[in-house]
Amino acid sequence: MSKTPFEIRLELLRMAKEMLEQDYFAKREQISSDWNSQITLAINSNSSSLPAHPGFPEYPNELDIIQKAQALNNFISKV
């Protein structure tokens with residue numbers, strides 16, 4: 001059974017959201033890991049100050065998800 005255009009768009013939005021979330025959490029994990037390494041290094045070297053946390057990237061918003069879905073659709077629609 002083939003999917004309706006609505007179902008296809010919904011699936012593309014789900015895929016885009018999942019992809020962006022995976023990227024977000026991977027970046028967040030990398031930032032945390034790097035910061036923890038810096039903290040450990042500072043503690044082990046008896047540094048007088050600890051590095052500040054660099055912050056996390058913004059969580060994907062609706063516009064990000066729609067743009068990613070459009071990019072996926074453009075790729076799929078190429079003949």
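Helices are DSSP runs of H or I with at least four residues, strands are runs of E with at least two, and both are numbered from the N terminus. This is a predicted model: local features need pLDDT of at least 70, side-chain atom pairs count only at pLDDT 80 or more, and totals for chains, interfaces and linings use all residues. Residues are numbered from 1 along each chain as its sequence is written, and side-chain values use heavy atoms, with hydrogens and water left out.

Q: How many helices and strands does the chain have?
A: Count the runs along the chain. Another is α2, residues 62-77. The totals are 2 helices and 0 strands.

Q: Is the chain compact or spread out against the globule rule?
A: The radius of gyration is taken over C-alpha atoms, and the globule rule is 2.2 Å times the number of residues to the power 0.38. For 79 residues the rule gives 12 Å, while the chain has 20 Å. The C-alpha trace spans about 65 × 20 × 20 Å along its principal axes. The radius is well over the rule's value, so the chain is more spread out than a compact globule.

Q: What share of the 79 residues is buried?
A: Buried means under 20% relative accessible area, exposed over 50%, and partly exposed in between (1.4 Å probe, protein chains only). In α1, the buried residues include L12, A16, L20 and Y24. Over the whole chain, the buried share is 15%.

Q: Which element do the buried residues of α1 pack against?
A: Contact means heavy atoms within 4.5 Å. I65 shows such contacts: leaving aside neighbours within four places in sequence, it touches L13, A16, K17 and L20. The buried residues of α1 pack against α2.

Q: Which residues form the largest nonpolar core?
A: A nonpolar core is a set of buried Ala, Val, Leu, Ile, Met, Phe, Trp, Tyr and Cys residues joined through side-chain atoms within 4.5 Å. The largest has 6 residues. Both α1 and α2 give two or more residues to this core. Its members are L12, A16, L20, I65, A69 and L72.

Q: Which side chains meet in a salt bridge?
A: A salt bridge is a side-chain nitrogen of Lys or Arg within 4 Å of a carboxyl oxygen of Asp or Glu. By this rule the count is 1. Both partners lie in helix α1, 4 residues apart, about one turn of the helix. At 2.9 Å, N to O, the pair is K17 and E21.

Q: Is E21 buried or exposed?
A: E21 touches Y59 and P60, not counting residues up to four places away in sequence. E21 has 18%, so it counts as buried.

Q: Where is N46 found?
A: N46 follows α1. Its phi is near 55°, a positive value in a residue other than glycine. At 70% relative accessibility, N46 counts as exposed. N46 sits in the loop between α1 and α2.
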